[in-house]
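Have the sequence and the model open side by side. We will walk through them in short steps.

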Amino acid sequence: MNLEEIYKSKVITANQAAEKIKSGNRVVTGHACAEPTEIIAAMVANCNAYEDVEIVHMVPMGKAEYISPGMDKHFTHNALFIGGPTRKAYAEKRVDFTPCFFSRIPELFKNNYLPVDVAIIQVSSPDEHGYCSFGVSVDYTKTAAECAKVIIAEVNNKMPRTLGDSFINISDIDFIVEVNHELIELNPPKIGDVEKAIGKYCASLIEDGSTLQLGIGAIPDAVLLFLKDKKDLGIHSEMISDGVVELVEAGVITNKAKTLHKGKIVVTFLMGTKRLYDFVNNNPMVEMYSVDYVNDPVIISKNSKMVCINSAIQVDLMGQVNAETIGLKQFSGTGGQVDFIRGAAMAKDGKAIIAIPSTASRGKISRIAPFLDEGSAVTTLRNEVQYIVTEYGIADLKGKTLKNRARGLINIAHPDFRPMLIEEYEKRFNCKF
């Protein structure tokens with residue numbers, strides 16, 4: 001058969017695709033904005049045919065109706081990251097969570113810690129050679145497909161064709177569901193005065209020729225606002241959003257000074273609007289690879305002047321960082337924070353930044369605390385933390401004693417909470433602040 005015949009022989013409906021899933025299967029779905037929404041909707045509609053179907057994924061961006069009350073008769077959800085649609089369900093014990101560094105998730109599939117029965121993915125239309133691109137999410141999605149016993153793909157002609165190690169041939173796909181819908185979009189967050197202040201401080205640490213990793217949210221986007229006078233910045237990041245496009249168009253991000261993948265933006269997944277998706281489509285400047293490559297600390301460390309910027313929920317006076325829990329409540333996940341902090345630490349002239357607002361709950365809680373809340377996870381060890389940035393300044397903790405760390409952190413805490421923190425400092429260290 002020729003490519004067209006091979007393709008047509010695999011085409012089925014979403015409802016037929018749902019019937020290919022069997023009770024007891026472990027199903028790994030495409031990640032984030034590449035979530036295969038039509039197949040998932042059909043699977044939920046077919047729920048009465050299932051018992052104990054385990055659904056595994058990281059950032060959820062769709063409706064996640066398989067975790068609705070009563071669905072536990074049919075589905076279990078093993079979350080690799082807790083997001084908005086799954087947070088309440090986790091708190092109500094309808095979702096379980098597996099802690100893991102983002103870079104190590106493919107290993108769970110490859111080495112049969114989590115054997116994959118079915119991979120449900122979303123890809124681009126095939127090219128003339130029969131290759132579909134994983135588009136906006138290569139990350140663990142490509143590895144899950146490579147390890148799956150059955151691959152069911154939504155082929156979406158609106159999925160951008162991203163380059164790099166981002167392809168699967170139609171001969172390797174078992175079933176194809178043709179779709180024609182816009183991708184899930186993540187609209188730019190609102191950037192307030194606090195985020196702008198933090199962004200300005202972070203930008204002051206970024207030199208010309210630096211390679212950047214940026215996370216999700218208002219603070220990373222705020223950092224980008226203050227980089228317009230920089231030269232020859234590069235990107236090696238687990239993800240990017242719309243703000244990067246603006247800096248490329250302004251000539252700020254050129255990738256010319258990179259020491260690894262010179263001239264290229266290297267990324268493992270994308271979350272943004274159609275502007276971003278159009279930018280990456282068939283763009284030779286952008287290369288996408290699996291997360292076990294992009295987030296490998298050894299690979300990251302090959303970028304000189306590597307600067308990573310991540311956020312957190314709470315930092316204690318020793319410099320321990322909690323970026324994923326509120327007490328015992330799992331709020332998000334480890335993600336790639338530790339991967340990049342370790343990579344930046346090993347890089348020549350690298351810098352690792354944790355950027356947080358000084359308060360939470362509308363100013364009622366200090367994010368810089370004497371102790372992490374009881375039950376909180378330590379995401380980043382105190383030994384690995386370098387810069388902590390709030391809207392009140394920068395604390396450089398590298399090479400500092402516990403006493404000097406605490407002093408530096410108190411100086412960037414919100415003024416309303418400094419007296420409480422100073423009291424703890426004087427008690428702990430038996431000396432005046």
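What follows is a tour of a predicted model, from a sheet to a loop, then to charged pairs, cysteines and a helix.

Nine strands form an open sheet, in the order 8-14-13-12-11-15-20-24-25. The pairing within this sheet is mixed. Which strands sit at the edges? They are strand 8, residues 163-164, and strand 25, residues 393-396. Each of these pairs on one side only. Find Ser237, and then find its bridge partner in strand 13, which is Val267.

Follow the chain out of strand 13. Strand 13 spans 265-270, and helix 10 spans 274-280. Thr273 lies in the loop between them. Is Thr273 buried or exposed? Its relative accessibility is 11%, so Thr273 counts as buried. The cut-off for buried is under 20%. Look at what surrounds this residue. Leaving aside neighbours within four places in sequence, Thr273 is in contact with Glu185, Leu186, Asn187, Pro188 and Asp242. With Asp242 there is a polar contact between side chains, at 2.3 Å. Now compare space with sequence. Ile184 is 89 residues away from Thr273 along the chain, yet their C-alpha atoms are separated by 8.1 Å.

Next come the charged pairs. Side chains of opposite charge can pair when their charged atoms come close. In this model the count of salt bridges comes to 19. Here are some of them.

Take Glu54 and Arg26. Their side chains meet in a salt bridge, with 3.1 Å from N to O. Glu54 is in strand 2, residues 53-57, and Arg26 is in strand 1, residues 26-29, so the pair ties together parts that are 28 residues apart in sequence.

Lys305 and Glu207 give another salt bridge, with their closest N and O atoms 3.6 Å apart. This pair links distant parts of the chain, 98 residues apart. Both residues sit in loops. Lys305 is between helix 12 (297-300) and strand 15 (306-310). Glu207 is between helix 7 (193-204) and strand 11 (211-214). Lys305 is partly exposed, at 24% relative accessibility. Glu207 is partly exposed as well, at 35%.

Return to helix 10 for one more pair. Arg275 forms a salt bridge with Glu249, and the closest N and O atoms are 2.9 Å apart. Arg275 lies in helix 10 and Glu249 in helix 9 (residues 242-249), so the bridge ties together parts 26 residues apart in sequence. Arg275 is partly exposed, at 38%. Glu249 is exposed, with a relative accessible area of 56%.

Now turn to the cysteines. A disulfide is a covalent bond between the sulfur atoms of two cysteines. How many disulfides does a search of the whole structure find? The search finds 0. The cut-off is 2.5 Å. Cys147 is partly exposed, at 27%, whereas Cys47 is buried, at 10%.

Finish with helix 4, residues 84-91. An α-helix has 3.6 residues a turn, so residues three or four places apart point the same way. Which residues of helix 4 are buried? They are Thr86, Ala89 and Tyr90. These residues cover an arc of only 100° around the axis, which puts them on the same side of helix 4. They pack against strand 3 (75-79), strand 4 (96-97) and strand 19 (329-330). The face turned away from this buried side carries the exposed residues Gly84 and Lys88. Lys88 also belongs to a network of salt bridges with Glu92 and Arg94. Just after helix 4 comes Lys93, with a positive phi of about 65°.

Key: Residues numbered from 1 in each chain as written. Predicted model: local features only at pLDDT ≥ 70, side-chain atom pairs only at ≥ 80, totals over all residues. Heavy atoms only, no water. Helix = DSSP H or I, 4+ residues; strand = E, 2+ residues; numbered from the N terminus. Buried < 20%, exposed > 50% of the residue type's maximum accessible area, 1.4 Å probe, protein only. Contact = heavy atoms within 4.5 Å. Polar contact = N/O pair within 3.5 Å; in protein donor to acceptor, adjacent residues only side chain to side chain. Pairing = 2+ DSSP bridges. Salt bridge = Lys/Arg side-chain N within 4 Å of Asp/Glu carboxyl O. Arc of directions from axis to C-beta.
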